[in-house]
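Me: I would like to learn how to read a structural model feature by feature, with the general idea given before each case. Could we work through this one together?

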Amino acid sequence: MKPTLGQYLASIRTDRKMTLREVEEATSKQVSNAYLSQIENDKIQKPSPNILHALAELYAISFEKLMEMAGYLTSPTTRDDSERHGRVATFAEHNLTTEEEAEMIQYLQFIRSRKRPGDKT
């Protein structure tokens, strides 16, 4: 199940060890703590692109991904299962340590090794 925009932003903020007020200060009050709280709690599901841009800049994450999650952009859905999706790994924006990244790759290899020919997922 894909996280909502709010859940995703909350996870990134938590990963960056920032409070709502720290985000407000870091964005020069462009994103108020109350507004961000409403986004993170899914009360506001389509914040303005300006807000998304400020958050993307602050968190050093993809603005395009935030725009897609908010519904401003659509993702390509006509991709063959054999094609690579061309996106960064899901957890790349969580600043994994080298050890964590190696463990994620090892786990992915394990999952792939369990697949049998003909499996869909």
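Me: Which side chain does Arg-13 meet in a salt bridge?

Reply: As a general idea, side chains of opposite charge can pair when their charged atoms come close. A salt bridge here is a side-chain nitrogen of Lys or Arg within 4 Å of a carboxyl oxygen of Asp or Glu. In this case the side chain of Arg-13 meets that of Glu-40, at 2.7 Å from N to O. Arg-13 lies in helix α1 and Glu-40 in helix α3, so the pair ties together parts that are 27 residues apart in sequence. Before going on, note that this is a predicted model, in which local features need pLDDT of at least 70 and side-chain atom pairs count only at pLDDT 80 or more, whereas totals for chains, interfaces and linings use all residues. Residues are numbered from 1 along each chain as its sequence is written, and side-chain values use heavy atoms, with hydrogens and water left out.

Me: Are Arg-13 and Glu-40 buried or exposed?

Reply: Buried means under 20% relative accessible area, exposed over 50%, and partly exposed in between (1.4 Å probe, protein chains only). Arg-13 is buried, with a relative accessible area of 13%, and Glu-40 is buried as well, at 11%.

Me: How many salt bridges does a search of the whole structure find?

Reply: The search finds two. Besides the pair of Arg-13 and Glu-40, Asp-15 forms a salt bridge with Arg-16, and their closest N and O atoms are 2.8 Å apart. Asp-15 counts as partly exposed, at 26% relative accessibility.

Me: Which helices are among those that cover the buried residues of α1?

Reply: Helices (H or I, at least four residues) and strands (E, at least two) are DSSP runs, numbered from the N terminus, and the chain has six helices and zero strands. Helix α1 spans residues 5-15, and its buried residues are Leu-5, Gly-6, Tyr-8, Leu-9, Ala-10, Ile-12 and Arg-13. In general, an α-helix has 3.6 residues a turn, so residues three or four places apart point the same way. What covers the buried residues of α1 includes α2 (20-26), α3 (33-40), α4 (49-59) and α5 (63-70).

Me: Which residues have the most contacts inside the largest nonpolar core?

Reply: A nonpolar core is a set of buried Ala, Val, Leu, Ile, Met, Phe, Trp, Tyr and Cys residues joined through side-chain atoms within 4.5 Å. The largest one has 20 residues, and those with the most contacts inside it are Leu-9, Leu-55, Tyr-59, Ile-61 and Leu-66. Helices α1, α3, α4 and α5 each supply at least two residues of this core, and α4 gives the most, with six residues. With contact meaning heavy atoms within 4.5 Å, Leu-66 touches Leu-5, Tyr-8, Leu-9, Leu-52, Ala-56 and Ile-61, not counting residues up to four places away in sequence.

Me: At roughly what angle do the axes of α4 and α5 cross?

Reply: Two packed helices are described by the angle between their axes and the distance between the axes. Axes are lines fitted to C-alpha atoms, for helices over the stretch in contact, and angles run from 0 to 180 degrees between N-to-C directions. The axes of α4 and α5 come within 9 Å and cross at roughly 140°. Where they meet, Pro-49, Leu-52, His-53 and Ala-56 in α4 face Phe-63, Leu-66, Met-67 and Ala-70 in α5 as contact partners.
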